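Please keep the sequence and the model in view while reading.

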Amino acid sequence: MKKKLFSVFLIFVIVISLLSDYQMPVNAADKNDNGTIRVLFVGNSFTRRNNLHKIFKGIAKADGKKVKTKRLAYGGYRLKKYASKNTRAGKEFRKLLKKDWDYVVIQGHSAEFVTRYYKESYSSLKTIIEMVRDNGAEPVLYMTWSKESGLEYTRRGDKLTLDRDEMTLAVSDAYNKLGNEFGIKVAPVGQNFLRCRDEYPEIDLFKKDRKHPKYAGSYLSACTIYETIFDKSVMGVKYYNSDEKKVGIGKKKATKLQLLADVRMSIDKNRVYLLPGSKTTVKAEISFSEDNTLYSDKYTGNKKDIIKYKSLSSNICSVNSKTGEIKALNPGTGYVRAESMSGLSRVVTVKVRKKEAVGIHATAVASTGGEFSNNIIGWNSRNNEVFDLYGSIGNENHFVRLYHGRMNYYVDKRKQRGRLYLYRITSYRKVNNEYEYSGESNVTSVIIPGQN
């Protein structure tokens, strides 16, 4: 009987979707028809000092790109100030978001994702990302660095101390996990700060407080963010002090910092989905420009930059440290870190799930517009549950959330014909006034036929 009722309801949803007058979603890049890329920087003193947004703009201009930038940054602010609609910063942020931005670079407080992750920072970032995306822009995470003295903090009554290396790794892991969860780019600024200490100890990135950046620190930050956004090397870009330009850094130092930012780590899978006992292999790689002597002289040939893999959740999954082969052990969410000798790291999110707990199916329905179609996704619902629907275009490792709520259907509008779309559901049940994970669906797919 339930199946019959759901079928009738699904037919009703399909009819409604066919009668609707859909508008094509607008991306921020589509709004800017003059070729100008607009970037908003949001953060605190790490963003405010030395006018980071202007350094970024200067690098872009010197590299032949049209870029407009603006910043919203208050010293000492954590992300909750921007997430709240009641604070001055939150009101300014919402007002700024109404303008046409292509990217919004988000910088959290120095260690808030280590010390306040569950208390406030995760939910604040989630709110900010949703606002950014709702306004047609792409969020980018600006990974912070460790101050020279490291970090001391209290967790559940215990005092914990991390040195500079340990804090950098903790912050890096947190930002990479968040990047995986929300499907957004992460600029590994903090990692490059630590690499600068190792590769160029003569370059001091810190002011006297050993926490805030000198101009060189902001320049390295801007170079790293530039490479992350544009996926393009900054090496050779002539943005430094010269007769024509008054920039707070000379050519020699700027060239060294460009060499640092040029080296990047990628990984072929940010997220993997496994059943207990099953296996998969992930592979991390280092990319760099051919004329990057800093890296090629030290890490190529017989002195290869070795990448090792480590499970950060040994109860959920194990990993071969050399090959990157991951084995699922128990249901839950785990993480595997890939780390190079050169000081770069990425994290893979490992979702180990029980046998399918939520049934899901999807159907493509022709819509107005010729080249587009509507996908109708339905799933079985249970009492006291809410659902997250995730979608992806043909890649099981790059899902983004499409829907959150109690309904048991979703209309994914204006999908392009000739493409493969994937969907999956995660469900949560309310227990003791808190929502706990209660199951996931397997991945279902829709292949939308091309036009005849």
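The text below treats confidence, helix packing and a sheet in turn.

This is a predicted model, in which local features need pLDDT of at least 70, side-chain atom pairs count only at pLDDT 80 or more, and totals for chains, interfaces and linings use all residues. Residues are numbered from 1 along each chain as its sequence is written, and side-chain values use heavy atoms, with hydrogens and water left out.

The chain has a mean pLDDT (the predictor's confidence in each residue, from 0 to 100) of 85, and 87% of its residues reach 70 or more. Over residues 1–31 the pLDDT is below 50, and this stretch has 40 contacts in the model beyond near neighbours in sequence. Contact here means heavy atoms within 4.5 Å.

Helix α11 packs with α4 and also crosses α10. Helices (H or I, at least four residues) and strands (E, at least two) are DSSP runs numbered from the N terminus. Axes are lines fitted to C-alpha atoms, for helices over the stretch in contact, and angles run from 0 to 180 degrees between N-to-C directions.

| Helix pair | Angle | Axes |
|---|---|---|
| α4 (residues 52–62) and α11 (residues 215–230) | about 55° | 9 Å apart |
| α10 (residues 189–199) and α11 | roughly 130° | within 9 Å |

The angle of about 55° between α4 and α11 makes α4 oblique to α11; angles under 35 degrees count as roughly parallel, over 145 as roughly antiparallel, 65 to 115 as roughly perpendicular and the rest as oblique. α4 passes α11 in a right-handed crossing, meaning that the near helix is turned clockwise from the far one by less than a right angle. From α4, Leu52, Ile55, Phe56, Ile59 and Ala60 meet residues of α11 including Tyr215, Tyr219 and Phe230. This contact of α4 with α11 has 13 nonpolar, two polar and no charged residues.

The crossing of α10 and α11 is likewise right-handed. Val189, Asn192, Phe193 and Cys196 in α10 meet Gly217, Leu220, Ser221, Thr224 and Ile225 in α11. By class, the contact of α10 with α11 has five nonpolar, four polar and no charged residues.

An open sheet of four strands has the order β9-β16-β15-β12, with mixed pairing. Its edge strands, β9 (271–274) and β12 (307–311), each pair on one side only. Strands β9 and β16 (residues 345–352) run parallel and are joined by four bridges, and Val272 stands opposite Val350 in β16. Two strands pair if DSSP finds at least two bridges between them. Helix α9 (residues 164–182) lies across β9, β15 (332–340) and β16, at about 50° to β16.

Notes
Nonpolar A, V, L, I, M, F, W, Y, C, P; charged D, E, K, R; others polar.
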